[in-house]
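Welcome, and please have a look at the model below. The report that follows walks through a few parts of it in turn.

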Amino acid sequence: MTEERRIRLLIAKAGLDGHDRGAKIIARALRDAGFEVIYTGLHQTPEMVVSAAIQEDVDGIGLSILSGAHMTLFPEVLRLLKENNAEDIAVFGGGIIPPDDAQKLKEMGVKEIFTPGASTQDIIAWVKENIRPRE
Amino acid sequence: MSSNKQEWLDTSYRKSAERPVRFSTLSDMELEPLYTPEDVKSDYATALGNPGEYPFTRGVYPSMYRGKLWTMRQFAGFGTPEDTNARFRFLLRQGQTGLSTAFDMPTLMGYDADHERARGEVGREGVSVSSIHDMARLFDQIQLEQITTSMTVNCSASVILAMYLVVAERQGASWQRISGTIQNDMLKEFIAQKEWICPPKPSVRIVTDMIEFCTRHVPRFHPISISGYHIREAGATAVQELAFTLADGICYVEHAIERGLDVDEFAPRLSFFFDLHNDFLEEIAKLRAARRMWARIMKERFGAKNPRSMMLRTHAQTAGVALTAQQPLNNIARVAIQALAGVLGGVQSLHTNAMDETLALPTDMAAMVALRTQQIIAEESGVVNTIDPLGGSYAIEALTDRIEHEAMEYIKRIDEMGGMIRAIELGFPQQEIAESAFRYQRQLEEGVKTVVGVNKYVIPEEIPIPTLKIDPAVEELQVQRVRKIKRERNQSAVREALKRVAEACRSGENLMGPICEAVRREATLGEICDVYREEFGVYTDPAWL
C-alpha cells in the first residue's frame, strides 16, 4: 500500500486587510486536522501569494479577504497561477463576500467561497473532498 | 427563608433540575445560580460613588442621560469623498448627532489611491482620501465648528488630522473650537487590527506628538481613542479587551508624561472605545469596571488631581463579529440587545451596526434601521429615565468586581514584562487573543455556545437581501485625481515640505507642524507616509499561528 502524500495548503491574507482572526483559526484547524499548513502572514500581494504557493509546492491556496477587494485579488491570483503553469493549485477562500460576487468568483475558477459562520469542520470536510495532491 | 446563600443552594436549589448547559458568559466565565448581598462586599462610597463622582462606576456625569443623551454616531464611509459626504448628510437629516468617518484600506495604511498596493481596495470599505482636496470634498457643506467628527484612522492618523485641521482653517473654523476624536491608537493595531507603517516605538512617538500638539493647539479635540473594540473583535474575552485597552492607555500616559506634559493637562482629552458583544450582563459589568479601574489608575498610579483626568469617557460599537451572514435580519435583534447593554453601561457615544454588514457595507435602509434602534432605546424604552438603573444589582456588581480583578491581574503581568510595547514585542497579547478566539470557535462547533441561525435553528435556503455595491469607477476617478494633483502642484514647495517632515522625524521635533504645512502644499497622504517608511522603517507581521 502506498501512503498518499499529505495535502499542503497555503493560507494567505491578500491585500491591505489586517483582519486575521478567521485566517488564523482556519489555518490552525486545518493543521490540527492533519494537513500541512503554511500561513503567509498579513498584507500579501497576489504576486507574493502565488510565488509562496509555488515555492512551497502547495496543493491549494486559501485566501482570506475581508476588505472588499475580493473581485480584484482572487482573479489576479488565478491569472498569476495560470501564467506560471500552476493552475492545478486549487484556490478557495472566504471573507465578507456577497453571494453574487461569490458566484462570479466560482465561475472564474475559485473552487469554493466560505462566508462568516462557516464552521472549521465544514471547511476541513470540503478540503478533504476537493483538494488532491498535485501530480 | 434560608439564612444564607450556601444554605439556599444546598437545600432549595440543588433539589431542582438544571438544564444540561454550561451557564457561562460569552467569554466563558461561569456564573453562579444566584447572586445575593453576600456576593457584594464592596462599600458604596469607595467602589461605586454617585454618578459624576470618583470612581465613576455609576457614570462619568452627574446627570448622565437625563442631562444629555449619548451621541448617536454612525460610522460611515465608502467610495469617493462625495459619496460619503452624501451619506453623512443623509445621516444628519435622520437625526444623527455626530459624524464618524470610515476610510478605505489604502488611506488607513498610508497609500495613495494610485499606489500599486491600493488596487481593488479604493473606496471599498471606506472613503478614499489621498489629498487635502479629498478631505475638503468629504466635509463639503458641513460646518466643522458645529459638528463633532470622529475619524477612525491610526498609522496615517497624523496626516488625516493635519488635513482635517487645514480644511477647518480654510472654512474659517478655529482650531480652539473644533472638536472630535481621532482613533490614533497604534498599540491596539499591533495587538489586533494590524494596520501599521512603522514599528511600535516610532509609532508611539507619533501618537505622543499628536497628543502634545492637540493639547497645545486643538484643545477640544480628543487626540486618541484607546480602543478595545478591535481587540475584542479579534477574539479576546471581555477581561482581555478591558485589560489590554487599559494597559495601552497606561503606556500612552507614560509617554505623554515623559514628553513633559502634566497629566492633568492632557488626560481629560483621552477617550476610549469599547465593543458591545452579545453577553448582556458581562458587557454592562465590563463598562462599569472600566470606569472604576481607569479612575483608580489615573489617581493612584499617575497622581492625577483633576477629576476629569480620571473619567473614562467612551464610545462603543456593537460587535461586528457577532453579526451573522445567515438569516441577516436576526442581526437587528442582536444589535438592539448589544446597544442596550452599552446604554445601561453608560457610554457617551454609540454606533449600532447594520444588519447587512457581514455581506457588504450597509445600504441606506440598513443604516437607517441601525440608527432607529438607538432612537428606540433613547426615546421609547425608558431606560434613560434614571441613572445606572442596574447599579446595585447583586449580579452586576459581583461581575463588575470580578472583571476588574481579573483585568488587573493581566495589567500586573504586562507591567512585569516591562509594559505594553515590550509585551507586544514578545507577542503576548496577540497570542492570548488568538488562543481565546480558537477556544471560542471550538465551543461554537461543539455546540457549547449557540449562534442562532448558524449552529442552531438553521434554515436550508437563505432569503437574499439587497447589498450596497461600490462602483468600480470610484477607483479610476480617485487614481486620476491624485495623479492630477501630483502633476500640477508646485513641486519644489512639496519637496521642501517633505524634507522638513523627514528632519522632524530625525530631530524629535513635533511632527504635526511640518505635516500640516506639507498638507497645505498638496503633499499627499502616501508621500508623507513614505517619509515615515524611509525614516522609521516598516513593521512586518510576525506570522505566528
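## Where the chains meet

How many residues of chain A are in contact with chain B, and how many of chain B with chain A? In this predicted model, 31 residues of chain A touch 32 residues of chain B. On the chain A side, helix 1 (21–32), helix 3 (70–83) and helix 5 (120–130) each supply at least two residues. Helix 1 of chain A gives the most, with five residues.

## Strand 4 of chain A

Let us turn to strand 4 (residues 90–95) of chain A. Six of its six residues are buried, so the strand is largely enclosed by the rest of the structure. Both of its faces are covered: A:Ala90, A:Phe92 and A:Gly94 are buried on one side, and A:Val91, A:Gly93 and A:Gly95 on the other.

Which strands pair with strand 4 of chain A? Strand 3 (residues 60–65) of chain A pairs with strand 4 in the parallel sense over six bridges, and here A:Gly62 stands opposite A:Phe92. Strand 5 (residues 112–114) of chain A also runs parallel to strand 4, joined to it by three bridges, with A:Phe92 standing opposite A:Glu112.

In chain B, five strands form an open sheet with parallel pairing, in the order 2-3-4-5-6. Its edges are strand 2 (75–76) and strand 6 (221–222) of chain B, each of which pairs on one side only. Within the sheet, strand 3 (residues 99–102) and strand 4 (residues 148–152) of chain B are parallel partners over four bridges. B:Thr101 stands opposite B:Met151 of strand 4 of chain B.

## The nonpolar core

Which residues have the most contacts inside the largest nonpolar core? They are A:Ile61, A:Val77, B:Ile160, B:Ile515 and B:Ile528, in a core of 202 residues. Helix 11 (residues 238–258) of chain B makes the largest contribution to this core, 12 residues.

Setting aside neighbours within four places in sequence, A:Ile61 is in contact with A:Leu10, A:Ala12, A:Val49, A:Ala53, A:Val77, A:Ile89 and A:Val91.

## Helix 23 of chain B

Helix 23 (residues 525–536) of chain B has 12 residues, which at 1.5 Å a residue should span 16 Å; its end C-alpha atoms are 16 Å apart, which agrees. Its buried residues are B:Leu525, B:Gly526, B:Glu527, B:Ile528, B:Cys529, B:Asp530, B:Val531 and B:Tyr532. These pack against helix 5 (105–109), helix 7 (157–171), helix 21 (491–507) and helix 22 (512–520) of chain B. Just after helix 23, B:Gly537 adopts a positive phi of about 80°.

## A buried aspartate

Beyond its neighbours within four places in sequence, B:Asp209 is in contact with B:Asn510, B:Leu511 and B:Met512. B:Met417 lies 208 residues from B:Asp209 along the chain, and their C-alpha atoms are separated by 25 Å.

Methods. Residues are numbered from 1 along each chain as its sequence is written. Chains are lettered from A and ligands numbered from 1 in the order in which they are written. This is a predicted model: local features need pLDDT of at least 70, side-chain atom pairs count only at pLDDT 80 or more; totals for chains, interfaces and linings use all residues. Two residues are in contact if their C-beta atoms, placed from the backbone, lie within 7 Å. Two strands pair if DSSP finds at least two bridges between them. A nonpolar core is a set of buried Ala, Val, Leu, Ile, Met, Phe, Trp, Tyr and Cys residues joined through C-beta atoms within 7 Å. A residue is buried if 20 or more other C-beta atoms lie within 10 Å of its own, exposed if 12 or fewer, and partly exposed in between; C-beta atoms are placed from the backbone. The expected span of a helix is 1.5 Å times one less than its number of residues.
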